[in-house]
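Take a look at the chain below.

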Amino acid sequence: MISNPLTRAVRSRVRFWRHRAVFKALPEASGGGSRRWYSAPSRRGVSVMEEILARVVAPLPSYETRDKSPPPPESTSLEFMNYYRGLEKEDKVDFLSKLSQECGVDHKTVSELATKLLDTQRRDQATILQAEDRLRYSLTPRYKQLFSHVSRVEGGVKFLVDLRADLLEILTSKASENPHIRDLNGTLKSLLSKWFAVGLLRLERITWQSPCEILQKISQYEAVHPVRNWTDLKRRVGPYRRCYAFTHAAMPGEPLVVLHVALTEDISDNIQSIVREFATLDAEEDINKINSAIFYSISSTQAGLQGVELGNYLIKRVVRELQSEFPHMAQFSSLSPIPGFCSWLQGLLSQYRKEGRGADLLSEQEWREVEQALDSDAGTPPVDSLRKLIATGEWTRSEKLCLALEPVLMRLCAWYLYGEKRRGFALNPVANFHLQNGATMWRINWRADTSPRGVANSCGIMVNYRYFLNETTNNSVLYLQNKAVAASQQVLGLVSQFQKNSKL
Ligand SMILES: CC(=O)SCCNC(=O)CCNC(=O)[C@H](O)C(C)(C)COP(=O)(O)OP(=O)(O)OC[C@H]1O[C@@H](n2cnc3c(N)ncnc32)[C@H](O)[C@@H]1OP(=O)(O)O
(Lines give C-alpha, C1' and ligand atoms only; values in the text may rest on other atoms or scores of the structure.)
Protein backbone atom coordinates (compact mmCIF):
# COMPACT_ATOMS: atom_id res chain seq x y z
CA MET A 1 0.00 0.00 0.00
CA ILE A 2 1.21 3.55 -0.64
CA SER A 3 2.01 5.15 2.69
CA ASN A 4 3.60 8.39 1.53
CA PRO A 5 0.89 11.15 1.45
CA LEU A 6 2.79 13.07 -1.23
CA THR A 7 2.83 10.02 -3.47
CA ARG A 8 -0.86 9.51 -2.84
CA ALA A 9 -1.66 13.12 -3.74
CA VAL A 10 0.37 12.92 -6.94
CA ARG A 11 -1.29 9.68 -7.95
CA SER A 12 -4.78 11.04 -7.36
CA ARG A 13 -4.05 14.15 -9.48
CA VAL A 14 -2.71 11.91 -12.27
CA ARG A 15 -5.83 9.75 -12.07
CA PHE A 16 -8.05 12.83 -12.10
CA TRP A 17 -6.55 14.13 -15.35
CA ARG A 18 -6.69 10.67 -16.84
CA HIS A 19 -10.43 10.44 -16.00
CA ARG A 20 -10.94 13.84 -17.58
CA ALA A 21 -9.27 12.53 -20.72
CA VAL A 22 -11.63 9.52 -20.67
CA PHE A 23 -14.69 11.76 -20.50
CA LYS A 24 -13.45 13.95 -23.32
CA ALA A 25 -13.35 10.78 -25.41
CA LEU A 26 -16.89 9.75 -24.44
CA PRO A 27 -19.32 9.83 -27.36
CA GLU A 28 -22.06 12.44 -27.10
CA ALA A 29 -24.86 11.10 -24.91
CA SER A 30 -27.55 10.11 -27.39
CA GLY A 31 -31.20 10.86 -26.79
CA GLY A 32 -30.91 14.52 -27.71
CA GLY A 33 -29.25 15.61 -24.51
CA SER A 34 -26.31 17.95 -24.79
CA ARG A 35 -22.89 16.40 -24.43
CA ARG A 36 -22.48 15.57 -20.80
CA TRP A 37 -19.08 16.84 -19.78
CA TYR A 38 -17.87 15.14 -16.68
CA SER A 39 -16.45 18.12 -14.90
CA ALA A 40 -13.61 18.08 -12.42
CA PRO A 41 -14.70 17.02 -8.94
CA SER A 42 -17.71 19.18 -8.27
CA ARG A 43 -17.92 21.61 -5.39
CA ARG A 44 -19.20 18.82 -3.19
CA GLY A 45 -15.99 16.88 -3.87
CA VAL A 46 -18.06 14.15 -5.49
CA SER A 47 -15.58 12.04 -7.44
CA VAL A 48 -16.05 11.57 -11.13
CA MET A 49 -16.72 7.87 -10.51
CA GLU A 50 -19.55 8.67 -8.11
CA GLU A 51 -20.98 11.11 -10.63
CA ILE A 52 -21.12 8.51 -13.36
CA LEU A 53 -22.48 5.83 -11.02
CA ALA A 54 -25.24 8.23 -9.93
CA ARG A 55 -26.13 8.64 -13.62
CA VAL A 56 -26.03 5.08 -14.84
CA VAL A 57 -27.24 3.07 -11.83
CA ALA A 58 -30.96 3.72 -11.45
CA PRO A 59 -32.59 3.54 -8.01
CA LEU A 60 -34.41 0.28 -7.35
CA PRO A 61 -38.04 0.84 -8.45
CA SER A 62 -40.52 0.73 -5.56
CA TYR A 63 -42.03 -2.67 -4.74
CA GLU A 64 -45.34 -1.54 -6.20
CA THR A 65 -43.83 -0.44 -9.54
CA ARG A 66 -41.15 -3.14 -9.74
CA ASP A 67 -42.67 -4.76 -12.86
CA LYS A 68 -43.83 -1.53 -14.46
CA SER A 69 -40.69 0.62 -14.51
CA PRO A 70 -39.43 1.27 -18.07
CA PRO A 71 -35.74 0.42 -18.64
CA PRO A 72 -33.35 3.38 -18.88
CA PRO A 73 -32.27 4.50 -22.37
CA GLU A 74 -29.67 2.27 -24.04
CA SER A 75 -27.28 5.24 -23.94
CA THR A 76 -26.97 4.78 -20.19
CA SER A 77 -25.64 1.25 -20.60
CA LEU A 78 -23.33 2.36 -23.40
CA GLU A 79 -22.04 5.20 -21.23
CA PHE A 80 -21.27 2.74 -18.43
CA MET A 81 -19.52 0.37 -20.81
CA ASN A 82 -17.45 3.14 -22.50
CA TYR A 83 -16.46 4.67 -19.20
CA TYR A 84 -15.38 1.34 -17.73
CA ARG A 85 -13.43 0.36 -20.84
CA GLY A 86 -11.52 3.64 -20.64
CA LEU A 87 -10.30 3.06 -17.09
CA GLU A 88 -6.82 1.95 -16.18
CA LYS A 89 -6.53 -1.34 -14.32
CA GLU A 90 -6.11 0.16 -10.85
CA ASP A 91 -9.01 2.55 -11.48
CA LYS A 92 -11.20 -0.42 -12.37
CA VAL A 93 -10.53 -1.79 -8.88
CA ASP A 94 -11.71 1.52 -7.35
CA PHE A 95 -14.69 1.70 -9.65
CA LEU A 96 -15.87 -1.86 -9.04
CA SER A 97 -15.34 -1.35 -5.34
CA LYS A 98 -17.56 1.75 -5.42
CA LEU A 99 -20.12 0.03 -7.63
CA SER A 100 -20.34 -2.92 -5.24
CA GLN A 101 -20.56 -0.80 -2.09
CA GLU A 102 -22.66 2.20 -3.19
CA CYS A 103 -24.98 0.55 -5.70
CA GLY A 104 -25.80 -2.67 -3.92
CA VAL A 105 -28.55 -3.43 -1.44
CA ASP A 106 -30.23 -0.73 0.70
CA HIS A 107 -29.32 -2.29 4.03
CA LYS A 108 -31.48 0.12 6.05
CA THR A 109 -34.62 -0.87 4.11
CA VAL A 110 -33.71 -4.55 4.42
CA SER A 111 -33.45 -4.37 8.22
CA GLU A 112 -36.74 -2.40 8.44
CA LEU A 113 -38.53 -5.01 6.31
CA ALA A 114 -36.96 -7.86 8.26
CA THR A 115 -38.33 -6.33 11.47
CA LYS A 116 -41.75 -5.94 9.84
CA LEU A 117 -41.65 -9.58 8.79
CA LEU A 118 -41.02 -10.65 12.37
CA ASP A 119 -43.99 -8.51 13.47
CA THR A 120 -46.29 -10.27 10.98
CA GLN A 121 -45.51 -13.77 12.29
CA ARG A 122 -48.82 -13.90 14.12
CA ARG A 123 -50.77 -12.64 11.10
CA ASP A 124 -52.45 -14.65 8.29
CA GLN A 125 -50.39 -16.50 5.63
CA ALA A 126 -51.13 -13.97 2.87
CA THR A 127 -49.71 -11.12 4.98
CA ILE A 128 -46.61 -13.13 5.87
CA LEU A 129 -46.02 -14.11 2.22
CA GLN A 130 -46.40 -10.50 1.12
CA ALA A 131 -43.93 -9.35 3.80
CA GLU A 132 -41.47 -12.06 2.71
CA ASP A 133 -41.78 -11.01 -0.94
CA ARG A 134 -41.10 -7.37 -0.04
CA LEU A 135 -38.04 -8.40 1.92
CA ARG A 136 -36.87 -10.64 -0.95
CA TYR A 137 -37.23 -7.77 -3.41
CA SER A 138 -35.36 -5.36 -1.14
CA LEU A 139 -32.37 -7.73 -1.29
CA THR A 140 -31.97 -7.01 -5.03
CA PRO A 141 -28.75 -5.01 -5.48
CA ARG A 142 -29.23 -1.96 -7.75
CA TYR A 143 -26.28 -3.03 -9.91
CA LYS A 144 -28.16 -6.24 -10.80
CA GLN A 145 -30.62 -4.18 -12.85
CA LEU A 146 -27.75 -2.29 -14.45
CA PHE A 147 -26.22 -5.61 -15.54
CA SER A 148 -29.57 -6.76 -16.94
CA HIS A 149 -29.86 -3.54 -18.96
CA VAL A 150 -26.26 -3.81 -20.19
CA SER A 151 -26.88 -7.41 -21.31
CA ARG A 152 -29.50 -6.14 -23.74
CA VAL A 153 -27.21 -3.86 -25.73
CA GLU A 154 -24.99 -5.24 -28.48
CA GLY A 155 -21.76 -6.61 -27.03
CA GLY A 156 -23.16 -6.18 -23.52
CA VAL A 157 -22.94 -9.86 -22.52
CA LYS A 158 -19.32 -10.13 -23.65
CA PHE A 159 -18.61 -6.89 -21.77
CA LEU A 160 -20.05 -8.41 -18.58
CA VAL A 161 -18.12 -11.66 -19.06
CA ASP A 162 -14.91 -9.62 -19.28
CA LEU A 163 -15.96 -7.48 -16.30
CA ARG A 164 -16.40 -10.67 -14.25
CA ALA A 165 -12.92 -11.77 -15.32
CA ASP A 166 -11.67 -8.48 -13.79
CA LEU A 167 -13.64 -9.23 -10.61
CA LEU A 168 -12.15 -12.72 -10.36
CA GLU A 169 -8.67 -11.26 -10.79
CA ILE A 170 -9.36 -8.70 -8.03
CA LEU A 171 -10.59 -11.47 -5.72
CA THR A 172 -7.67 -13.79 -6.52
CA SER A 173 -5.04 -11.06 -6.20
CA LYS A 174 -6.76 -9.50 -3.15
CA ALA A 175 -6.34 -6.11 -4.87
CA SER A 176 -9.33 -4.91 -2.85
CA GLU A 177 -10.34 -5.83 0.68
CA ASN A 178 -13.87 -4.55 0.09
CA PRO A 179 -16.23 -7.37 1.18
CA HIS A 180 -18.94 -6.10 -1.20
CA ILE A 181 -16.87 -7.15 -4.24
CA ARG A 182 -17.58 -10.81 -3.44
CA ASP A 183 -21.35 -10.07 -3.54
CA LEU A 184 -20.92 -8.24 -6.83
CA ASN A 185 -19.14 -11.28 -8.25
CA GLY A 186 -21.81 -13.64 -6.92
CA THR A 187 -24.63 -11.61 -8.46
CA LEU A 188 -22.89 -11.42 -11.83
CA LYS A 189 -22.04 -15.14 -11.75
CA SER A 190 -25.68 -16.04 -11.12
CA LEU A 191 -26.80 -13.84 -14.02
CA LEU A 192 -24.18 -15.36 -16.33
CA SER A 193 -25.15 -18.88 -15.22
CA LYS A 194 -28.72 -18.08 -16.32
CA TRP A 195 -27.72 -16.49 -19.62
CA PHE A 196 -25.35 -19.35 -20.43
CA ALA A 197 -27.66 -22.16 -19.34
CA VAL A 198 -26.99 -25.30 -21.36
CA GLY A 199 -30.34 -24.93 -23.20
CA LEU A 200 -29.16 -21.60 -24.63
CA LEU A 201 -25.80 -22.92 -25.81
CA ARG A 202 -25.17 -24.26 -29.27
CA LEU A 203 -22.98 -27.32 -29.83
CA GLU A 204 -20.76 -26.87 -32.87
CA ARG A 205 -18.51 -29.49 -34.38
CA ILE A 206 -15.32 -27.85 -35.62
CA THR A 207 -13.92 -29.32 -38.83
CA TRP A 208 -11.34 -28.28 -41.40
CA GLN A 209 -14.25 -26.72 -43.29
CA SER A 210 -15.15 -24.45 -40.33
CA PRO A 211 -14.52 -20.70 -40.80
CA CYS A 212 -10.86 -19.80 -40.59
CA GLU A 213 -11.38 -17.40 -37.68
CA ILE A 214 -12.96 -20.19 -35.62
CA LEU A 215 -10.08 -22.56 -36.41
CA GLN A 216 -7.64 -19.79 -35.51
CA LYS A 217 -9.40 -19.29 -32.16
CA ILE A 218 -9.44 -23.04 -31.45
CA SER A 219 -5.68 -23.02 -31.92
CA GLN A 220 -5.20 -19.82 -29.90
CA TYR A 221 -7.35 -20.96 -26.95
CA GLU A 222 -5.85 -24.48 -26.70
CA ALA A 223 -4.56 -24.53 -23.11
CA VAL A 224 -3.53 -28.18 -22.66
CA HIS A 225 -1.49 -29.40 -25.65
CA PRO A 226 -0.41 -26.31 -27.63
CA VAL A 227 -1.09 -26.54 -31.35
CA ARG A 228 2.22 -26.47 -33.23
CA ASN A 229 1.07 -25.43 -36.68
CA TRP A 230 -1.77 -25.64 -39.20
CA THR A 231 -0.90 -29.26 -40.04
CA ASP A 232 -1.21 -30.14 -36.39
CA LEU A 233 -4.55 -28.33 -36.19
CA LYS A 234 -5.80 -30.06 -39.35
CA ARG A 235 -5.02 -33.43 -37.79
CA ARG A 236 -6.90 -32.52 -34.57
CA VAL A 237 -10.10 -31.95 -36.56
CA GLY A 238 -9.46 -34.73 -39.07
CA PRO A 239 -10.13 -38.51 -39.23
CA TYR A 240 -10.50 -40.36 -35.91
CA ARG A 241 -10.69 -36.98 -34.18
CA ARG A 242 -13.57 -34.74 -33.12
CA CYS A 243 -13.51 -31.17 -31.90
CA TYR A 244 -16.60 -29.60 -30.37
CA ALA A 245 -17.32 -26.16 -28.94
CA PHE A 246 -20.21 -24.48 -27.23
CA THR A 247 -21.18 -21.10 -28.70
CA HIS A 248 -23.79 -18.53 -27.64
CA ALA A 249 -25.87 -16.16 -29.76
CA ALA A 250 -24.83 -13.22 -27.55
CA MET A 251 -21.14 -13.86 -28.38
CA PRO A 252 -21.12 -14.80 -32.05
CA GLY A 253 -17.99 -16.44 -33.43
CA GLU A 254 -16.61 -17.04 -29.94
CA PRO A 255 -16.10 -20.69 -28.91
CA LEU A 256 -16.81 -20.58 -25.15
CA VAL A 257 -15.36 -23.97 -24.24
CA VAL A 258 -13.59 -26.44 -26.55
CA LEU A 259 -13.32 -30.21 -26.25
CA HIS A 260 -10.89 -32.32 -28.32
CA VAL A 261 -11.67 -36.03 -28.67
CA ALA A 262 -9.67 -38.93 -30.11
CA LEU A 263 -11.69 -41.88 -31.45
CA THR A 264 -9.73 -45.03 -30.60
CA GLU A 265 -10.04 -48.79 -30.32
CA ASP A 266 -9.22 -48.77 -26.61
CA ILE A 267 -8.60 -46.24 -23.84
CA SER A 268 -5.34 -44.41 -24.63
CA ASP A 269 -2.51 -44.40 -22.12
CA ASN A 270 -0.22 -42.10 -24.06
CA ILE A 271 -0.73 -38.59 -25.48
CA GLN A 272 2.04 -38.79 -28.06
CA SER A 273 0.02 -41.38 -29.96
CA ILE A 274 -2.76 -38.79 -30.17
CA VAL A 275 -0.93 -35.53 -30.87
CA ARG A 276 2.30 -36.86 -32.35
CA GLU A 277 3.74 -34.81 -35.16
CA PHE A 278 3.69 -37.20 -38.07
CA ALA A 279 0.47 -39.17 -37.74
CA THR A 280 -0.83 -40.24 -41.13
CA LEU A 281 -4.24 -38.92 -42.13
CA ASP A 282 -5.85 -42.18 -43.21
CA ALA A 283 -9.56 -41.84 -43.89
CA GLU A 284 -11.97 -42.74 -41.08
CA GLU A 285 -13.20 -45.98 -42.58
CA ASP A 286 -12.57 -48.78 -40.12
CA ILE A 287 -15.49 -48.56 -37.71
CA ASN A 288 -13.96 -51.40 -35.66
CA LYS A 289 -11.19 -49.03 -34.70
CA ILE A 290 -13.71 -46.77 -32.97
CA ASN A 291 -14.86 -48.14 -29.60
CA SER A 292 -13.64 -45.40 -27.29
CA ALA A 293 -13.79 -41.62 -27.00
CA ILE A 294 -10.71 -40.07 -25.41
CA PHE A 295 -11.14 -36.49 -24.16
CA TYR A 296 -7.57 -35.32 -24.42
CA SER A 297 -8.09 -31.59 -24.08
CA ILE A 298 -10.81 -29.35 -22.71
CA SER A 299 -10.33 -25.60 -22.42
CA SER A 300 -12.61 -22.83 -21.28
CA THR A 301 -11.90 -19.68 -23.32
CA GLN A 302 -13.63 -17.03 -21.18
CA ALA A 303 -12.09 -16.38 -17.75
CA GLY A 304 -15.26 -14.56 -16.78
CA LEU A 305 -17.30 -17.75 -17.15
CA GLN A 306 -15.29 -19.62 -14.55
CA GLY A 307 -17.64 -21.44 -12.21
CA VAL A 308 -20.42 -21.65 -14.80
CA GLU A 309 -19.41 -25.28 -15.39
CA LEU A 310 -19.50 -25.15 -19.19
CA GLY A 311 -16.90 -27.93 -19.40
CA ASN A 312 -19.07 -30.41 -17.56
CA TYR A 313 -22.07 -29.64 -19.78
CA LEU A 314 -19.93 -29.92 -22.91
CA ILE A 315 -18.54 -33.33 -22.01
CA LYS A 316 -22.02 -34.71 -21.27
CA ARG A 317 -23.43 -33.20 -24.48
CA VAL A 318 -20.57 -34.59 -26.61
CA VAL A 319 -21.06 -38.08 -25.13
CA ARG A 320 -24.65 -37.98 -26.40
CA GLU A 321 -23.48 -36.71 -29.79
CA LEU A 322 -20.93 -39.52 -30.14
CA GLN A 323 -23.40 -42.16 -29.00
CA SER A 324 -25.74 -41.14 -31.78
CA GLU A 325 -22.89 -41.22 -34.34
CA PHE A 326 -21.36 -44.47 -32.97
CA PRO A 327 -24.14 -46.44 -31.21
CA HIS A 328 -21.70 -49.25 -30.29
CA MET A 329 -19.26 -46.87 -28.52
CA ALA A 330 -18.98 -47.97 -24.90
CA GLN A 331 -15.90 -46.34 -23.41
CA PHE A 332 -15.60 -42.67 -22.54
CA SER A 333 -12.51 -41.44 -20.77
CA SER A 334 -10.22 -38.47 -20.47
CA LEU A 335 -6.46 -38.65 -20.86
CA SER A 336 -5.57 -35.84 -18.50
CA PRO A 337 -2.42 -33.97 -17.53
CA ILE A 338 -1.42 -33.70 -13.88
CA PRO A 339 -0.29 -30.07 -13.57
CA GLY A 340 1.41 -29.39 -10.25
CA PHE A 341 2.62 -32.90 -9.41
CA CYS A 342 6.32 -32.09 -9.84
CA SER A 343 6.12 -28.88 -7.78
CA TRP A 344 4.18 -30.75 -5.09
CA LEU A 345 6.84 -33.50 -5.11
CA GLN A 346 9.66 -30.96 -4.82
CA GLY A 347 7.90 -29.46 -1.81
CA LEU A 348 7.52 -32.89 -0.24
CA LEU A 349 11.17 -33.79 -0.79
CA SER A 350 12.40 -30.52 0.76
CA GLN A 351 10.03 -30.95 3.72
CA TYR A 352 11.30 -34.52 4.28
CA ARG A 353 14.90 -33.37 3.96
CA LYS A 354 14.34 -30.57 6.51
CA GLU A 355 12.80 -33.07 8.94
CA GLY A 356 15.61 -35.54 8.33
CA ARG A 357 13.11 -38.09 7.07
CA GLY A 358 14.30 -38.23 3.46
CA ALA A 359 14.85 -41.97 3.66
CA ASP A 360 11.17 -42.58 4.51
CA LEU A 361 9.95 -41.79 1.00
CA LEU A 362 11.67 -44.79 -0.61
CA SER A 363 12.48 -48.27 0.69
CA GLU A 364 16.12 -49.13 1.31
CA GLN A 365 16.12 -51.32 -1.78
CA GLU A 366 14.74 -48.44 -3.87
CA TRP A 367 17.35 -46.00 -2.55
CA ARG A 368 20.07 -48.56 -3.41
CA GLU A 369 18.73 -48.91 -6.95
CA VAL A 370 18.59 -45.12 -7.37
CA GLU A 371 22.13 -44.69 -6.09
CA GLN A 372 23.45 -47.48 -8.30
CA ALA A 373 21.67 -46.01 -11.32
CA LEU A 374 23.04 -42.61 -10.39
CA ASP A 375 26.57 -43.73 -9.65
CA SER A 376 26.19 -40.86 -7.23
CA ASP A 377 29.12 -39.98 -4.99
CA ALA A 378 28.47 -40.96 -1.40
CA GLY A 379 28.69 -37.29 -0.33
CA THR A 380 25.37 -36.13 -1.81
CA PRO A 381 22.38 -36.94 0.37
CA PRO A 382 20.04 -39.15 -1.69
CA VAL A 383 17.06 -36.76 -1.28
CA ASP A 384 19.07 -33.93 -2.85
CA SER A 385 20.05 -36.17 -5.75
CA LEU A 386 16.40 -37.08 -6.23
CA ARG A 387 15.29 -33.44 -6.09
CA LYS A 388 17.87 -32.50 -8.69
CA LEU A 389 16.83 -35.39 -10.93
CA ILE A 390 13.15 -34.39 -10.79
CA ALA A 391 13.98 -30.72 -11.37
CA THR A 392 16.06 -31.38 -14.48
CA GLY A 393 14.17 -34.36 -15.88
CA GLU A 394 17.58 -35.96 -16.47
CA TRP A 395 16.37 -39.28 -15.12
CA THR A 396 14.27 -39.93 -18.23
CA ARG A 397 17.49 -40.44 -20.20
CA SER A 398 18.56 -43.43 -18.08
CA GLU A 399 16.64 -46.68 -18.49
CA LYS A 400 18.00 -47.91 -15.13
CA LEU A 401 16.76 -44.79 -13.35
CA CYS A 402 13.37 -45.03 -15.03
CA LEU A 403 13.03 -48.61 -13.82
CA ALA A 404 14.15 -47.66 -10.31
CA LEU A 405 11.90 -44.60 -10.09
CA GLU A 406 8.72 -45.93 -11.71
CA PRO A 407 7.18 -47.60 -8.62
CA VAL A 408 8.18 -44.63 -6.44
CA LEU A 409 6.83 -41.89 -8.71
CA MET A 410 3.67 -43.81 -9.56
CA ARG A 411 2.69 -44.26 -5.91
CA LEU A 412 3.63 -40.68 -5.04
CA CYS A 413 1.51 -39.47 -7.96
CA ALA A 414 -1.41 -41.68 -6.91
CA TRP A 415 -1.26 -40.13 -3.45
CA TYR A 416 -0.99 -36.60 -4.90
CA LEU A 417 -4.13 -37.15 -6.97
CA TYR A 418 -6.17 -39.19 -4.48
CA GLY A 419 -4.91 -38.10 -1.04
CA GLU A 420 -3.85 -34.47 -1.29
CA LYS A 421 -6.77 -32.13 -0.63
CA ARG A 422 -7.80 -28.47 -0.71
CA ARG A 423 -10.85 -27.75 1.45
CA GLY A 424 -11.54 -31.49 1.37
CA PHE A 425 -11.61 -31.72 -2.42
CA ALA A 426 -8.85 -32.97 -4.72
CA LEU A 427 -5.91 -30.57 -4.61
CA ASN A 428 -5.20 -31.09 -8.30
CA PRO A 429 -7.66 -28.82 -10.18
CA VAL A 430 -8.01 -31.15 -13.16
CA ALA A 431 -8.82 -34.08 -10.84
CA ASN A 432 -11.31 -31.86 -9.06
CA PHE A 433 -12.93 -30.92 -12.36
CA HIS A 434 -13.46 -34.50 -13.55
CA LEU A 435 -14.45 -35.80 -10.10
CA GLN A 436 -17.03 -32.99 -9.83
CA ASN A 437 -18.39 -34.25 -13.17
CA GLY A 438 -18.73 -37.74 -11.69
CA ALA A 439 -15.79 -39.41 -13.43
CA THR A 440 -13.77 -42.23 -11.84
CA MET A 441 -10.02 -41.84 -11.26
CA TRP A 442 -9.40 -44.91 -13.37
CA ARG A 443 -5.81 -45.42 -14.47
CA ILE A 444 -2.47 -43.67 -13.78
CA ASN A 445 -0.17 -44.06 -16.78
CA TRP A 446 3.63 -44.19 -16.70
CA ARG A 447 5.50 -42.45 -19.54
CA ALA A 448 2.19 -41.17 -20.88
CA ASP A 449 3.59 -37.77 -21.87
CA THR A 450 7.30 -37.91 -22.66
CA SER A 451 7.39 -34.32 -23.97
CA PRO A 452 9.64 -31.92 -22.02
CA ARG A 453 6.47 -30.17 -20.81
CA GLY A 454 4.96 -33.46 -19.64
CA VAL A 455 8.15 -34.50 -17.81
CA ALA A 456 8.52 -31.05 -16.20
CA ASN A 457 4.87 -30.90 -15.06
CA SER A 458 4.20 -34.44 -13.92
CA CYS A 459 7.27 -36.66 -14.50
CA GLY A 460 5.60 -37.76 -17.74
CA ILE A 461 2.68 -39.35 -15.89
CA MET A 462 -0.96 -38.85 -17.01
CA VAL A 463 -4.28 -40.12 -15.71
CA ASN A 464 -7.50 -41.43 -17.24
CA TYR A 465 -10.69 -40.09 -15.63
CA ARG A 466 -13.25 -42.59 -16.89
CA TYR A 467 -16.90 -41.64 -17.41
CA PHE A 468 -18.99 -44.72 -16.54
CA LEU A 469 -22.25 -43.21 -17.78
CA ASN A 470 -24.55 -44.96 -15.32
CA GLU A 471 -22.37 -43.92 -12.37
CA THR A 472 -21.50 -40.27 -13.04
CA THR A 473 -24.54 -38.74 -11.32
CA ASN A 474 -24.04 -40.78 -8.16
CA ASN A 475 -20.26 -40.29 -8.16
CA SER A 476 -20.71 -36.53 -8.52
CA VAL A 477 -23.15 -36.35 -5.60
CA LEU A 478 -20.88 -38.46 -3.37
CA TYR A 479 -17.89 -36.33 -4.29
CA LEU A 480 -19.56 -32.96 -3.82
CA GLN A 481 -21.45 -33.93 -0.66
CA ASN A 482 -19.10 -36.40 1.06
CA LYS A 483 -15.85 -35.58 -0.75
CA ALA A 484 -15.68 -39.28 -1.70
CA VAL A 485 -13.29 -39.96 -4.62
CA ALA A 486 -14.39 -42.68 -7.04
CA ALA A 487 -11.21 -44.62 -7.89
CA SER A 488 -10.27 -47.90 -9.55
CA GLN A 489 -8.41 -50.81 -7.98
CA GLN A 490 -5.23 -49.77 -9.81
CA VAL A 491 -5.33 -46.34 -8.19
CA LEU A 492 -6.29 -47.65 -4.75
CA GLY A 493 -3.50 -50.23 -4.98
CA LEU A 494 -0.93 -47.52 -5.69
CA VAL A 495 -2.30 -45.42 -2.82
CA SER A 496 -1.97 -48.30 -0.37
CA GLN A 497 1.59 -48.93 -1.61
CA PHE A 498 2.29 -45.27 -0.83
CA GLN A 499 0.81 -45.57 2.64
CA LYS A 500 2.93 -48.67 3.31
CA ASN A 501 6.18 -47.38 1.81
CA SER A 502 6.15 -43.66 2.48
CA LYS A 503 5.25 -42.51 5.94
CA LEU A 504 3.72 -39.06 5.22
C1 LIG B 1 -8.61 -33.78 -20.85
C2 LIG B 1 -8.35 -32.90 -19.72
O3 LIG B 1 -8.58 -33.24 -18.60
S4 LIG B 1 -7.59 -31.41 -20.05
C5 LIG B 1 -7.31 -30.71 -18.46
C6 LIG B 1 -8.38 -29.72 -18.08
N7 LIG B 1 -8.22 -28.48 -18.81
C8 LIG B 1 -7.35 -27.51 -18.41
O9 LIG B 1 -6.63 -27.65 -17.43
C10 LIG B 1 -7.29 -26.24 -19.23
C11 LIG B 1 -7.50 -25.02 -18.29
N12 LIG B 1 -8.76 -25.16 -17.56
C13 LIG B 1 -9.93 -24.81 -18.12
O14 LIG B 1 -10.01 -24.44 -19.27
C15 LIG B 1 -11.17 -24.88 -17.26
O16 LIG B 1 -10.83 -24.69 -15.93
C17 LIG B 1 -11.91 -26.22 -17.34
C18 LIG B 1 -12.40 -26.45 -18.77
C19 LIG B 1 -11.02 -27.35 -16.85
C20 LIG B 1 -13.12 -26.13 -16.41
O21 LIG B 1 -13.86 -24.98 -16.77
P22 LIG B 1 -15.43 -24.94 -16.45
O23 LIG B 1 -16.08 -26.09 -17.04
O24 LIG B 1 -15.91 -23.60 -16.78
O25 LIG B 1 -15.52 -25.22 -14.90
P26 LIG B 1 -15.35 -24.24 -13.70
O27 LIG B 1 -14.74 -22.96 -14.10
O28 LIG B 1 -16.65 -24.25 -13.02
O29 LIG B 1 -14.28 -25.02 -12.82
C30 LIG B 1 -14.64 -26.34 -12.41
C31 LIG B 1 -13.41 -26.94 -11.89
O32 LIG B 1 -12.41 -26.96 -12.89
C33 LIG B 1 -11.13 -26.82 -12.25
N34 LIG B 1 -10.42 -25.69 -12.78
C35 LIG B 1 -10.76 -24.43 -12.68
N36 LIG B 1 -9.81 -23.64 -13.24
C37 LIG B 1 -8.88 -24.46 -13.75
C38 LIG B 1 -7.69 -24.27 -14.48
N39 LIG B 1 -7.27 -23.06 -14.83
N40 LIG B 1 -7.00 -25.33 -14.83
C41 LIG B 1 -7.44 -26.56 -14.52
N42 LIG B 1 -8.58 -26.80 -13.84
C43 LIG B 1 -9.27 -25.77 -13.46
C44 LIG B 1 -11.36 -26.53 -10.79
O45 LIG B 1 -11.16 -27.71 -10.08
C46 LIG B 1 -12.79 -26.10 -10.77
O47 LIG B 1 -13.38 -26.46 -9.57
P48 LIG B 1 -13.57 -25.28 -8.47
O49 LIG B 1 -14.32 -24.16 -9.18
O50 LIG B 1 -14.37 -25.92 -7.40
O51 LIG B 1 -12.18 -24.87 -8.07
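This is a predicted model: local features need pLDDT of at least 70, side-chain atom pairs count only at pLDDT 80 or more; totals for chains, interfaces and linings use all residues.

Start with strand E4, residues 292-300. Is E4 largely enclosed, or largely open? Of its 9 residues, 7 are buried, so the rest of the structure largely encloses E4. Buried here means under 20% relative accessible area.

E4 pairs with strand E3, which spans residues 257-264. The sense is antiparallel, and there are 8 bridges. Within this pairing, Val 258 has Ser 299 of E4 as its bridge partner.

E4 also pairs with strand E5, residues 331-334. This time the sense is parallel, over 4 bridges. Here Ile 294 stands opposite Ser 333 of E5.

**Two residues with positive phi**

Glu 309 lies in the loop between E4 and H13. Its phi is positive, about 60 degrees, although Glu 309 is not a glycine. Cys 459 is not a glycine either, yet has a positive phi of about 55 degrees. Cys 459 sits in the loop between helix H19 (452-458) and strand E9 (462-466).

Which of these residues is buried, and which is partly exposed? The table shows it.

| Residue | Relative accessible area | State |
|---|---|---|
| Glu 309 | 43% | partly exposed |
| Cys 459 | 3% | buried |

Cys 459 is called buried because its 3% falls under the 20% cut-off.

Terms used:
Residues are numbered from 1 along each chain as its sequence is written. Side-chain values use heavy atoms; hydrogens and water are left out. Buried means under 20% relative accessible area, exposed over 50%, partly exposed in between (1.4 Å probe, protein chains only). Two strands pair if DSSP finds at least two bridges between them.
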